[in-house]
Amino acid sequence: MLVLKAVSLGPLHGYGILLRIQQISASLLQIEQGSLYPALYRLEQAGLIESEWGTSDNNRRAKFYTLTRSGRSRLRKATAEWNLFSTAMGNVLAALPEEI
Amino acid sequence: MLDRIRAVVRGFRNRNRLGADMDDEMRFHIDQCRQDLIRKGMPPDEARWQARRAFGNLSQTQEQARKAKGLPVFDELIRNTAYAVRQLKRAPGFAAAVIMTLALCIGVNTAVFSVIDAVMLRRLPYPQPERLFDVVREFPSGAITSQDGFAWEGLKDGNSYTVAAIGGILGVNLAAGNRAFYVHQQRVSAHYFSVLGIPMAQGREFDLAEDRDGGPDAVVLSYPIWKRFFNADPSIVGRTILLRGSPFLVVGVSSASFIPQEEVDLWTPLRPSTKGEGGGTNYQIMLRLKPGVTVAETQAEVQSRGAAVFEARKSSEPIHVRMSIAQFDKTDQAGLRERLLILWAAVGVVLVIGCVNIAALMLARGATRRREMGTRIALGGGMGPLIRQLTTESVVLGLMGGAAGLALGFAVIQALHRWIAEYGVWQDLRLDSTVLLATLALTLVVSIACGLAPAIQAARVDVRATLLEGGSRGVAGGGSHWLRRTLVLAEVALSLVLLVGAGLLIRTLLHLENLTPGFDGTNVLAASASLQDARYADTKNINRLFRDTTQTMEKIPGVQGAAVALHLPYQRWLNSGVNVRSGTDSQDREVGTSMNYVTPEYFSVLRIPLRDGRLFTDQDSSSSAPVVVVNETFARKFLNGHLSGYLVGKDASRQIIGIVADVQQQPGLQRSGPLTPEPVVYFPATQFPTAWFQMAHTWYSPSWIVRSAGAPNEELSRGIEQAIASSDPMLPVAEFRSLIDERNSALSSQRSNAWLLGFMAALALALAMVGVYGIVANSVVERTREFGIRMALGSSIGGVIRDAVAPGVILAALGAVLGGGLAAVSVTVLKGLLYGVQPMDPLTFVLMSVALIGVSAIASLLPALSLIRLEASSVLRQD
């Protein structure tokens with residue numbers, strides 16, 4: 001889901017995705033680099049993202065990932081579910097004894 | 001979902017490039033990371049190390065990534081295929097046996113299926129064939145396409161369809177240059193080509209003025225004839241050509257792509273009417289639905305119009321026939337379809353036997369690979385991969401066998417062409433997509449079915465037992481044999497079913513071939529020529545031709561006699577009703593009979609014996625008293641066996657002057673068999689009325705017959721040709737035939753039945769014997785030690801061999817009993833094809849069972865004979 005979100009902001013290569021996740025989570029979430037690629041390929045295999053070879057900022061050949069249509073809808077659904085879950089969790093955890 | 005499929009496909013397509021891609025991608029990642037670290041001030045060496053460490057184990061990541069990409073499925077498939085090919089290379093004998101068996105089975109199935117495809121499945125090569133129909137008469141017993149002129153009159157002005165009538169096909173004389181050629185003419189009505197939907201290459205088809213009695217003579221040429229005789233000259237349209245001895249206007253040339261159902265060189269107008277041939281059911285009527293009309297609408301219209309026709313011609317009996325429509329070209333196939341389905345069932349049985357054989361081979365191979373399997377499982381190989389591996393092996397084998405079978409299938413078609421052609425296949429046999437798909441499907445089903453059962457059995461290996469048994473290989477393991485033996489038992493039983501079926505068909509053919517012919521056809525040569533010709537329009541010209549030519553032929557050295565007749569024995573004869581007045585009846589009786597005109601020498605040339613009265617002589621001429629000769633069947637049925645009575649008809653009263661012996665003919669009226677004597681009236685050619693000649697010659701070409709002292713040769717046929725040419729140089733001889741040829745063409749379908757089913761039965765027997773051989777060979781190998789010990793203990797070699805052969809013979813005997821029962825049930829489907837033999841013919845059953853057991857004994861003896869060379873001492877030393 002993190003990867004989908006990162007890719008949804010624009011085409012990115014693998015390393016870029018890593019940086020983007022660190023950046024938008026303000027370095028709170030660290031992804032282990034080695035597990036990124038299997039995750040990427042699983043998503044690609046499931047048809048949620050697509051890849052294409054292109055050129056990076058420093059003119060090197062790199063593989064860029066973009067979100068597919070079904071990837072976009074999955075992200076939307078996952079986001080909604082997460083929001084519901086986190087709101088619920090937030091409410092639960094914020095509950096004070098006197099409110100019960 | 002679509003995205004997902006696309007991703008899988010892309011993954012597969014790029015699978016070769018993928019390893020490199022992944023490598024590139026990950027290296028790029030590490031590089032970027034290193035550079036970022038350098039930018040943050042880390043020394044380059046430290047940065048490289050740090051970047052690598054952050055990434056983790058590169059090759060492990062790649063392996064995980066591959067799995068994530070779903071590649072292992074393909075990887076495994078390819079690995080399995082490569083392994084399968086290696087395995088098969090290591091067992092070439094086994095692979096060859098399986099591939100050959102498969103090739104044989106799939107070959108014959110492909111061949112038969114291509115016939116079924118051409119006859120039953122493929123669409124007709126005409127536009128919108130689903131809107132093309134035959135008008136049929138539906139009786140409670142079935143439908144026929146034959147129609148008469150009254151039906152035509154009632155149906156020709158339909159509202160919902162366009163309609164055309166078709167007559168028969170007969171050879172006629174076409175003059176081109178200064179020679180005449182015998183070509184095939186079909187008579188068709190106006191609109192024939194437009195109903196079929198066939199455009200004309202040149203000109204037009206017949207119009208209504210030409211398709212009417214007394215209308216101008218017109219002809220449409222086929223494209224090949226136009227090219228062959230008229231150099232594809234477009235100006236031929238509008239010119240006249242000499243056809244049937246008179247000028248015909250060429251109005252058109254049919255399309256080059258037109259495939260008629262039978263060989264036709266040119267078409268002339270049918271001129272359907274209710275008179276002459278139209279008085280009987282001698283037409284076929286076909287129609288095409290008009291655009292926008294439904295089948296039901298036309299069906300209703302044809303039915304009501306047909307009802308009116310039958311009502312108007314109603315006799316006192318109730319009408320139990322109705323007019324209907326049926327898909328074009330399908331009605332007359334009923335008998336053909338039955339025979340094809342029987343043939344299909346036969347090749348199906350061959351296929352099953354082949355499969356059983358292959359499964360047995362696989363089982364045997366599975367047994368030899370038990371240790372391999374056991375080891376693999378013991379080392380932690382899962383059941384799933386193992387079964388997938390074995391299935392891959394059988395599919396690889398299957399595909400190889402299928403490819404070989406496809407090639408063989410075409411060889412089979414070529415080899416059996418003579419008998420397949422007899423099925424009336426007029427569309428060419430070819431490997432179209434339907435046949436290819438069917439073969440592919442068959443191959444996959446067969447190979448998976450054959451491979452799976454043994455695979456499961458092999459996978460259900462008891463690891464401990466297998467590995468242990470390997471250590472002490474003394475005892476013959478009996479437990480796993482029952483499955484293989486059951487399989488072989490089944491194939492022996494099935495092959496007996498085919499053997500009995502083939503035996504019955506062969507006995508039918510022999511019975512028909514050995515029917516008393518009623519004449520002597522040895523040393524007789526026949527030649528036919530078309531007299532549907534303006535120059536032979538009356539009895540005087542015809543008889544002059546007959547007299548001149550036979551007189552010339554009799555002068556050829558070695559010739560003992562020459563005659564002309566409308567029909568020869570074994571042919572299908574002209575039928576008609578005649579009125580008989582016999583002394584025993586007080587009233588004239590109308591009876592149905594075959595008719596033939598003959599010159600006086602006919603009976604002596606064919607040596608047909610005279611039973612009573614006298615034969616024709618040269619004195620029976622157009623001016624003498626009218627006479628006829630009848631055959632014994634006619635005399636028995638209509639004259640109480642005595643020479644008496646008259647034929648009375650419209651034109652004359654003819655005295656019956658003689659009775660001759662019956663000859664075999666193809667029946668026209670009753671369907672009692674392919675050959676049978678019918679009641680016959682012979683007319684002297686000199687007294688055959690002109691109108692009858694004309695009608696008879698539109699349907700049949702007469703034959704000249706010559707008896708020579710020795711066997712007919714080239715010289716004789718040249719002499720006959722010259723004799724006819726000396727009377728009329730523009731009268732071409734259509735073909736020379738012997739009376740055996742006539743018999744063979746009369747029995748062609750019985751012959752093809754016998755040969756094709758015989759071929760399948762032989763194939764089935766051979767496959768079953770391979771199975772029996774395998775069983776015995778296997779058990780001999782396994783029991784070698786036992787036999788060795790017995791021989792060492794003093795058993796005779798004969799006793800040991802008897803014991804080795806026993807399982808094969810017992811299996812065959814059991815199979816014969818089982819197959820006999822199965823055959824007794826299934827031979828009923830052959831009932832309609834058998835003559836002179838009962839489906840439950842005990843002789844065939846016994847003979848075939850004995851043959852089966854005998855051949856099985858030989859197949860069992862072959863492997864057992866190796867025991868003769870067995871040295872007891874060496875066996876005992878082996879372990």
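Modeller: Let us start with a term: two residues are in contact if their C-beta atoms, placed from the backbone, lie within 7 Å. This is a predicted model, in which local features need pLDDT of at least 70 and side-chain atom pairs count only at pLDDT 80 or more, while totals for chains, interfaces and linings use all residues. Residues are numbered from 1 along each chain as its sequence is written, and chains are lettered from A and ligands numbered from 1 in the order in which they are written.

Colleague: Thanks! Among contacts in chain B between residues at least 6 apart in sequence, what percentage join residues at least 24 apart?

Modeller: In chain B that share is 84%. For chain A, counted between residues at least 6 apart, 43% join residues at least 24 apart.

Colleague: And how many helices and strands does chain B have?

Modeller: Chain B has 27 helices and 23 strands, taken as DSSP runs (helices H or I, at least four residues; strands E, at least two) numbered from the N terminus. Chain A has four helices and three strands, in the order α-β-α-α-β-β-α from its N terminus.

Colleague: How should I read a pair of packed helices?

Modeller: Two packed helices are described by the angle between their axes and the distance between the axes. In chain B, take α24 (residues 748–792) and α25 (residues 797–826): their axes come within 10 Å and cross at roughly 150 degrees. That makes α24(B) roughly antiparallel to α25(B) (the cut-off is over 145 degrees, on a scale from 0 to 180 between N-to-C directions, with axes fitted to C-alpha atoms over the stretch in contact).

Colleague: Which residues of α24(B) and α25(B) meet?

Modeller: Among them are B:Val772, B:Ile775 and B:Phe787 in α24(B), and B:Val800, B:Pro807 and B:Leu811 in α25(B). By class, this contact has 13 nonpolar, two polar and one charged residues (nonpolar: Ala, Val, Leu, Ile, Met, Phe, Trp, Tyr, Cys and Pro; charged: Asp, Glu, Lys and Arg; polar: the others, Gly among them).

Colleague: What is the mean pLDDT of chain A?

Modeller: Where pLDDT is low, the predicted coordinates should not be read in detail. Chain A has a mean pLDDT of 76, with 85% of its residues at 70 or more (pLDDT is the predictor's confidence in each residue, from 0 to 100).

Note on methods
Angles under 35 degrees count as roughly parallel, over 145 as roughly antiparallel, 65 to 115 as roughly perpendicular and the rest as oblique.
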